[in-house]
Amino acid sequence: MTEAQTSDRSWLIRLWPLVPIVAALIVTSALLMLFDASPAVAYRAMWDGAFGGQDKFLSVLAFWVPLLLASAGLVVTFTAGLWNIGIEGQIILGAIGASWVALNVTGPAWVLIPLEIGAAMLGGALWAALSAVLKTRGKVNEIFSGLALNNLAIILTNYLISGPWQPPEGGSFRGTTPFQSAALLPRLFESRFSPLSLILAFAAVIAVYYVLRGTTWGLKLKALGKNPYSAYLLGVSSERETILAMMFCGALAGLGGAVRVLSWFDSLRQSISGGIGFLALLVVMLAAYRILWVPIIALFFSIVLNGSITLQLKTQLHSALGGILTGLMVLFVLLFGSAKQLGIGGKPGTAAGVPDVMPDELPAGEIPPELMASSYPEVDVEAIHE
Amino acid sequence: MNNAQLIAVLASIVLQASPLIIAVCGEILTERSGVVNLSLDGTMLMAAMTGFVVGMLTNNVWAGFAVGALVGAIFASIVAFGSIRLNQSQVAIGFVLTLLGDDLSAFLGQNYTRMKGVTVPHYGIPILKDIPVIGPIFFNQDIVVYFAMFLIVGTWWWLNKTQPGLKLRGSGERPTAAFARGVDVNRLRYVYTILGGALVGIAGAAYSLDVKIGWSDGHIRGMGWIALAIVIFGGWSPIRGAFGALLFGATKALATILQRAFPEVSVVAFNSIPWLLMILVLLAVGSDYTERGIKAMPKSWQQPLRRVLRVSPPMALGTPFKEG
């Protein structure tokens with residue numbers, strides 16, 4: 001390939017990351033037209049749902065915070081090569097932990113809120129540790145233990161709401177009694193958004209960035225995620241790091257759960273997580289497992305999801321449309337996010353300066369350890385110290 | 001409980017387990033070739049929705065099954081294309097498709113919830129259905145049940161007794177060796193992923209058209225994951241897998257009976273059974289403690305116990321194969 005041809009194609013390569021996004025929008029528009037809805041009107045309704053007024057945008061921010069917390073945690077587990085699908089349950093256990101404090105302890109806000117946050121992070125971390133120990137000791141894949149634990153967490157919530165924490169006026173199965181006001185996070189303009197929670201979320205993002213960039217632990221996690229066998233040769237304890245990575249993620253997810261009960265709602269509700277855990281998995285996949293991309297993508301997802309709720313109110317179209325749009329984007333990025341992958345733009349390297357949308361290799365977590373042991377991959381120390 | 005009631009319960013367990021058996025057999029074909037199709041939950045929801053809607057609109061239950069199979073094949077071909085051609089993570093694509101299938105089925109099926117559609121006709125097999133006990137349980141059922149039975153035997157036979165089945169297992173166990181023997185590993189993986197997906201789609205349609213009739217949001221959410229867990233519990237064998245599906249159905253039936261017998265016990269306890277069971281059976285077949293327990297047994301027991309309790313996945317499961 002000559003120089004001229006390369007530069008002819010460079011614009012295509014530069015714009016390529018937009019292709020999956022546009023494709024997702026086109027498919028979603030086609031679905032809308034199938035329902036005799038004008039895509040322009042629908043997207044307009046979604047836009048208004050996110051930006052049409054102060055309260056709307058504050059809702060976007062309030063939804064963003066727990067999503068950001070869960071996504072930041074997932075970057076850590078993905079780095080260690082773990083598919084923490086149990087994050088949904090970890091959010092719920094965090095919500096339950098915070099609710100327990102809010103319902104059982106009385107005191108001023110400066111006592112209650114740290115206690116609630118502590119209980120929430122502990123709840124999430126322990127639920128995650130369960131998944132981790134089932135993996136390291138019981139050889140149960142974290143996808144399945146996580147999924148089962150998600151469902152058990154939902155069942156536990158329903159039990160608490162309809163049983164011990166049932167409001168005195170009777171079991172409505174919808175939620176507990178609203179918490180005392182000292183137990184709630186201080187919220188802006190009577191909205192659902194708590195600035196304090198956003199500060200905590202950003203602290204979490206910075207902590208994850210620091211852990212992965214500047215600590216030995218982060219290096220160990222990378223080693224474990226890239227190549228468990230060479231990590232083992234380098235003396236990394238896969239059991240210890242697996243449990244710690246999961247608990248770190250679980251603690252952040254639990255904090256997200258606390259934000260859900262203490263600022264989005266004011267009580268423990270039936271669907272307290274609202275699918276934020278699964279959404280966070282999509283966020284991190286779209287961010288190609290890089291923490292710095294997480295806040296912006298999580299914000300975008302929050303806009304789409306909040307917008308689709310307004311869409312349902314305005315047009316009677318199912319709010320699952322938001323999930324379809326975000327899901328399609330991730331799918332298309334996975335399938336043809338990288339121009340190089342499809343052989344467009346020639347050899348890798350011609351796309352200089354344009355970061356790949358996806359890393360070359362995804363976390364190796366799905367490869368069973370037996371396989372790693374039987375194939376004896378070479379020790380790639382450089383890849384680990386990358 | 002008298003005998004007639006017991007037989008009715010057993011027959012309903014067989015019916016309830018049938019779609020799971022179909023999905024499990026499909027996924028076993030896929031996984032034995034070396035590919036994990038993790039999208040089962042979303043695929044089955046989409047197939048259940050499309051199968052029900054098409055069946056209702058055409059007033060033809062078989063058209064519903066055909067569309068369900070088609071939807072399953074499409075989802076599976078995305079997994080196959082993404083992992084084989086594009087070398088992407090099977091788990092990532094499968095998981096995204098799970099969520100996407102859930103949302104798509106909710107959105108596309110929004111105008112068809114809680115409607116009356118067509119259902120699979122009941123068909124007792126002459127003569128066989130009159131055998132005492134066994135007849136009413138297995139042979140006085142719907143076509144879905146007979147199809148599931150056929151699949152158990154058919155999949156087992158195909159995998160273990162035929163030449164193509166040997167190639168299929170080869171590409172899942174030792175793809176390099178199979179390739180050296182002239183097997184087009186990636187082509188086989190495409191074929192069995194898509195075929196397995198079609199069966200999973202039929203399983204989804206079997207729910208909405210027969211076992212759990214109708215459509216509503218998240219109609220059979222969770223069943224796909226249970227099928228995936230049963231594949232592991234069943235040690236990637238159709239006969240053990242079918243046993244696992246029946247066991248799951250039996251536990252659910254037992255929970256329903258117990259719930260009626262002890263109404264004072266919270267419904268929570270019964271709802272949590274499938275998920276606790278999922279963790280426990282995976283723990284039983286996978287953990288080192290089971291192995292230690294087996295080793296503590298008398299020598300002559302060890303081998304049979306190991307065969308019952310331990311499973312091992314196809315060796316190349318989830319790993320891409322590059323020619324040359």
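This briefing covers a predicted model with chains A and B. Chain B has 15 helices and two strands. In all, 36 residues of chain B are in contact with 38 residues of chain A.

**Chain B overall**

- The radius of gyration of chain B is 20 Å, close to the 20 Å that the globule rule gives for 324 residues, so chain B is as compact as a globular protein of that length.
- Along the principal axes, the C-alpha atoms of chain B fill a box of roughly 60 × 55 × 45 Å.
- Of the 324 residues in chain B, 50% are buried.
- Among contacts in chain B with a separation of 6 or more, 78% join residues 24 or more positions apart.

**Where the chains meet**

- On the chain B side, 36 residues touch 38 residues of chain A.
- Four elements of chain B each give two or more residues to that side: α4 (90-108), α10 (223-233), α12 (267-271) and α13 (273-286).
- The largest share, 12 residues, comes from α4(B).
- By class, the chain B side has 22 nonpolar, 12 polar and two charged residues.

**Helix α12 of chain A**

- The buried residues include Ile276(A), Phe278(A), Leu282(A), Val283(A) and Leu286(A).
- Within chain A, these buried residues pack against α4 (54-79), α5 (87-104), α11 (238-264), α13 (294-315) and α14.
- From chain B, α4 also packs against the buried residues of α12(A).
- Ala288(A) follows α12(A) and has a positive phi, near 55°.

**How α12(A) packs on α14(A)**

- Helix α12(A) (residues 276-286) and helix α14(A) (residues 320-336) pack at an angle of about 35°.
- Their axes are 10 Å apart.
- The crossing of α12(A) and α14(A) is left-handed.
- From α12(A), the contact uses Leu282(A), Met285(A) and Leu286(A).
- From α14(A), the contact uses Thr326(A), Gly327(A), Met329(A), Val330(A) and Val333(A).
- By class, this contact has six nonpolar, two polar and no charged residues.

**The nonpolar core**

- The largest nonpolar core has 217 residues.
- Residues with the most contacts inside this core are Leu67(A), Val283(A), Val294(A), Leu20(B), Ile21(B), Ile22(B) and Val96(B).
- One of these, Val283(A), is among the buried residues of α12(A).
- Helix α11(A) gives the most to this core, with 15 residues.
- Leu20(B) touches Met223(B), Ile226(B), Ala227(B), Ile230(B), Ala245(B) and Phe248(B), not counting residues up to four places away in sequence.

- Most residues other than glycine have a negative phi.
- Asp36(A) is not a glycine, yet has a positive phi of about 55°.
- Asp36(A) sits in the loop between α2 (18-34) and α3 (39-51) of chain A.
- Asp36(A) counts as exposed because it has 6 C-beta neighbours inside 10 Å.
- Lys139(A), also a residue other than glycine, has a positive phi near 55°.
- Lys139(A) lies in the loop between α6 (109-136) and α7 (142-162) of chain A.
- Lys139(A) counts as partly exposed because it has 19 C-beta neighbours inside 10 Å, and a buried residue needs 20 or more.

Conventions
Residues numbered from 1 in each chain as written. Chains lettered and ligands numbered in written order. Predicted model: local features only at pLDDT ≥ 70, side-chain atom pairs only at ≥ 80, totals over all residues. Axes fitted to C-alpha atoms, helices over the stretch in contact; angles between N-to-C directions. Left-handed = near helix turned anticlockwise from the far one by under 90°. Contact = placed C-beta atoms within 7 Å. Nonpolar A, V, L, I, M, F, W, Y, C, P; charged D, E, K, R; others polar. Buried ≥ 20, exposed ≤ 12 C-beta atoms within 10 Å, placed from the backbone. Core = buried A, V, L, I, M, F, W, Y, C linked by C-beta atoms within 7 Å. Rg over C-alpha atoms; globule rule 2.2 N^0.38 Å.
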